[in-house]
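Here's a quick briefing to read alongside the viewer. Have the sequence and the model open, and we'll go through them topic by topic.

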Amino acid sequence: MDNNNLVCKTCGHSHFAKGKLEGYATVRPINKFFSFGSALTLTFCKRCGEVAAMKVADPQKF
Ligand SMILES: [Zn+2]
């Protein structure tokens, strides 16, 4: 998988990087008492930092 078809809506740059939000930024189910959570994966512009996509890393857990 690559991100060559992505173009930043803010600056027009076409190179993106991916990062992960973990720890306090994990997504947890609403109205459930389980302690699990899932990290968020961000795809962001390497030039200006605009976030192009945000994904839950483990949606099947929900
Ligand atoms: Zn940008």
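Let's start at Leu6, which touches His13, Ser14, Phe16, Thr43 and Ala52, leaving out residues up to four places away in sequence. Keep in mind that this is a predicted model. It carries a zinc ion held by Cys8, Cys11, Cys45 and Cys48, and the protein has three strands and zero helices.

- Leu6 sits in the segment before S1.

**The zinc site**

- Which atoms hold the zinc ion? The SG atoms of Cys8, Cys11, Cys45 and Cys48 do, at 2.2 to 2.4 Å.
- Along the chain, the donors are spaced as C-x2-C-x33-C-x2-C.
- Cys8 belongs to the segment before strand S1 (16–21) and Cys45 to strand S2 (residues 40–45), so this pair ties together parts of the chain that are 37 residues apart in sequence.
- The arrangement counts as tetrahedral because the four donor atoms subtend angles of 103 to 115° around the zinc ion, and the criterion asks for all angles to lie between 85 and 135 degrees.
- For reference, the ideal angle for four tetrahedral donors at a metal is 109.5 degrees.
- Buried or exposed, what are Cys8 and Cys45? Both are buried.

- His13 is another residue of the segment before S1.
- At 19% relative accessibility His13 counts as buried, because the limit is under 20%.
- Its side chain makes a polar contact with the side chain of Arg47, at 3.2 Å.
- Setting aside neighbours within four places in sequence, His13 is in contact with Leu6, Val7, Cys8, Cys45, Lys46 and Arg47. Two names in that list, Cys8 and Cys45, also coordinate the zinc ion.

**Strands and pairing**

- Reading along the sequence gives you the pattern β-β-β.
- S1 and S2 run antiparallel and are joined by six bridges. In this pairing, Ala17 is found opposite Phe44 in S2.
- S2 also pairs with strand S3 (residues 51–56), again in the antiparallel sense, over five bridges. Here Thr43 stands opposite Ala53 in S3; Thr43 is also one of the residues that Leu6 touches.
- The hairpin of S2 and S3 has five residues between the strands, and Gly49 takes a positive phi near 90° in it.

**Ser38, out in the loop**

- Where is Ser38? Look in the loop between S1 and S2.
- Ser38 counts as buried, at 0% relative accessibility.
- The side chain of Ser38 makes approaches to two backbone nitrogens: that of Ala57 is reached at 3.4 Å, and that of Asp58 lies 2.9 Å from a polar atom of the Ser38 side chain.
- Not counting residues up to four places away in sequence, Ser38 touches Thr26, Val27, Val56, Ala57, Asp58 and Phe62.

**Overall shape**

- How many strands does the protein have? There are three, with zero helices.
- The radius of gyration is 14 Å, well over the 11 Å that the globule rule gives for 62 residues, so the protein is more spread out than a compact globule.
- Taken along the principal axes, the C-alpha atoms fill a box of roughly 40 × 20 × 15 Å.
- Of the 62 residues, 21% count as buried, including Ser38 and His13.
- Among contacts with a separation of 6 or more, 41% come from residues 24 or more positions apart.

Notes:
Residues numbered from 1 in each chain as written. Predicted model: local features only at pLDDT ≥ 70, side-chain atom pairs only at ≥ 80, totals over all residues. Heavy atoms only, no water. Donors = N, O, S within 2.8 Å, 3.2 Å for Na, K, Ca; no water. Tetrahedral: all angles 85-135°; square planar, octahedral: opposite > 155°, others 65-115°. Helix = DSSP H or I, 4+ residues; strand = E, 2+ residues; numbered from the N terminus. Buried < 20%, exposed > 50% of the residue type's maximum accessible area, 1.4 Å probe, protein only. Pairing = 2+ DSSP bridges. Polar contact = N/O pair within 3.5 Å; in protein donor to acceptor, adjacent residues only side chain to side chain. Contact = heavy atoms within 4.5 Å. Rg over C-alpha atoms; globule rule 2.2 N^0.38 Å.
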